[in-house]
Amino acid sequence: MLAQPKTGYAQDCDIDIVRRVADYVLDTAAFGFIDKEGNIYSKASDIPEGVEAAFQTTYGAWHYTNGVVNMAMLHLAAFTGDKRYAQYAKDHVAFGFANYAVFQQRFKHDRPHHQFPFGQLWTMEELDDFGAMSASILEVYKLQPEEAYRDYVMRGIKRLSEGQARLADGTLVRTFPVDKTLWADDLYMSVPFLARMAEFTGNPRYFDDAVNQVLNFDKYLWNPYNGLYYHCYYSPTGQNGVAHWGRSNGWIVLAQLHLLDRLPEDHPNRAAIIRNLQKELIGLARHQNQDGLWHQLLDKPDSYVETSATAMFVQGFAKAVNEGWLGKNYASVALKGWEGMKEHFIKPDGQVSDICVGTGIKDDLQFYYTRPARPNEKHGVGSVIDAGIEVIKLKRMLAD
């Protein structure tokens, strides 16, 4: 165990690093629109008819990754007491609700809805469109209880519960690229929202649905031979995809953390969820490399080391130890991972490198090997913030 002064110094350094990552987001985010000529508009209503405009920065978009960043910022605000981070999440949600109707009116169905500004806000066609964003709105609602926010999440839970495609056993699936395809990503797109809706409404059936999703995803995606989850499952053929993709395994970790934070202690399946999380984390520990990092393809050390998956796993190990869901002997996995992230991924100015871009499913490993990794991608920045917070809590716990 580190001596107390050194531990305290290390924690101070860690929170400074986390703040730098979050502050880089604050400094670069802009909630506005820009057209092809470079003209900037603060409101959608200011964009002339017939003029194509996009988000001024991706931080203004309405995408599941924005929900991840919002929740991380709220987490950091609660941890530090710095209201700037909570204000970011409130401003992002307010920006969407203030501007989406203009784009909804102008949408001509000449492209997929997710390629049109705020198209995912009003359509709710897939879990990607609304699941993570709804979870973040429920957190913002605690600070700013707007009726429009409540209406949105109620519409979202109706869509999830009654409109989303499912298998006969209730498992959530997608209708593309193969009908009734199960994506590991969708555990995160559904379970954090379901768990929060159970709290918000007092209706335990949302907890039951969340639990069933975790256990059913495990049934379809778990590979017992290497302790990893496949990225997808094709129900028409009963076959898994080819890849043990890093971030998809990370979404499964995070979904269980969000659920266990809210699932009542006396829920009959709480112990089963804890066992499932333990099983996944132990499997992941076997694939951590010598620098504390994980690879884009978890079982392929010749694939590149990747930030978002590493951050998700570091958060998972740290929180599981903090909460007593995993023994303290696994603390070293989180600590080594955090040190590796600081050395390889997090820059002095708060920028974060090597985050895999959005990734669909494919039946060849080359697709996963060659997915670009870019700096400051929303797919990973929020998880880096959350990982840092949990590691600081872990260091404090170990120092006591």
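## Strands, helices and single residues in a predicted model

An open sheet of three strands is arranged in the order β2-β1-β3, and the pairing is antiparallel. Here strands (E, at least two residues) and helices (H or I, at least four residues) are DSSP runs, numbered from the N terminus. Two strands pair if DSSP finds at least two bridges between them. β2 (40-41) and β3 (53-55) stand at the edges with a single partner strand each, so one side of each has no neighbour in the sheet. Strand β1 (residues 33-35) is joined to β2 by two bridges, and these two strands run antiparallel. I34 has I40 in β2 as its bridge partner.

This is a predicted model, in which local features need pLDDT of at least 70 and side-chain atom pairs count only at pLDDT 80 or more, while totals for chains, interfaces and linings use all residues. Residues are numbered from 1 along each chain as its sequence is written, and side-chain values use heavy atoms, with hydrogens and water left out.

### Two helix pairs

The table gives the approach and crossing of two pairs of helices. Axes are lines fitted to C-alpha atoms, for helices over the stretch in contact, and angles run from 0 to 180 degrees between N-to-C directions.

| Helix pair | Axes come within | Crossing angle |
|---|---|---|
| α2 (residues 64-80) and α3 (residues 83-106) | 7 Å | roughly 150° |
| α6 (residues 147-163) and α7 (residues 186-201) | 11 Å | roughly 120° |

The axes of α2 and α3 cross at roughly 150°. That makes α2 roughly antiparallel to α3. Angles under 35 degrees count as roughly parallel, over 145 as roughly antiparallel, 65 to 115 as roughly perpendicular and the rest as oblique. The crossing of α2 and α3 is left-handed: the near helix is turned anticlockwise from the far one by less than a right angle, whereas clockwise would be right-handed. In contact (heavy atoms within 4.5 Å), N66, V69, N70, M73, L74, L76, A77 and T80 of α2 meet Y85, A86, Y88, A89, H92 and V93 of α3. This contact of α2 with α3 has ten nonpolar, four polar and no charged residues. Ala, Val, Leu, Ile, Met, Phe, Trp, Tyr, Cys and Pro count as nonpolar, Asp, Glu, Lys and Arg as charged, and the others, Gly among them, as polar.

The axes of α6 and α7 cross at roughly 120°. α6 and α7 are therefore oblique to each other. α6 passes α7 in a left-handed crossing. From α6 the contact takes in R150, V153, M154, G156, I157 and L160, and from α7 it takes in S190, F193, L194, M197, F200 and T201. By class, the residues of this contact of α6 with α7 are eight nonpolar, three polar and one charged.

### Single residues

L254 lies in helix α9 (residues 246-260). With a relative accessible area of 3%, L254 is buried. Buried means under 20% relative accessible area, exposed over 50%, and partly exposed in between (1.4 Å probe, protein chains only). Leaving aside residues up to four places away in sequence, L254 touches Y188, M312, Q315 and S383. L254 and L187 are 67 residues apart in sequence, and 8.9 Å apart in space from C-alpha to C-alpha.

Some backbone details lie in loops. P177 is in the loop between α6 and β4 (181-183), and the peptide bond from F176 to P177 is cis, with omega near -10°. M124, in the loop between α4 (119-123) and α5 (127-143), has a positive phi of about 55° although it is not a glycine. M124 counts as buried at 2% relative accessibility. N376, in the loop between β10 (373-374) and α14 (378-399), is not a glycine either, and has a positive phi of about 65°. N376 counts as buried at 16% relative accessibility.
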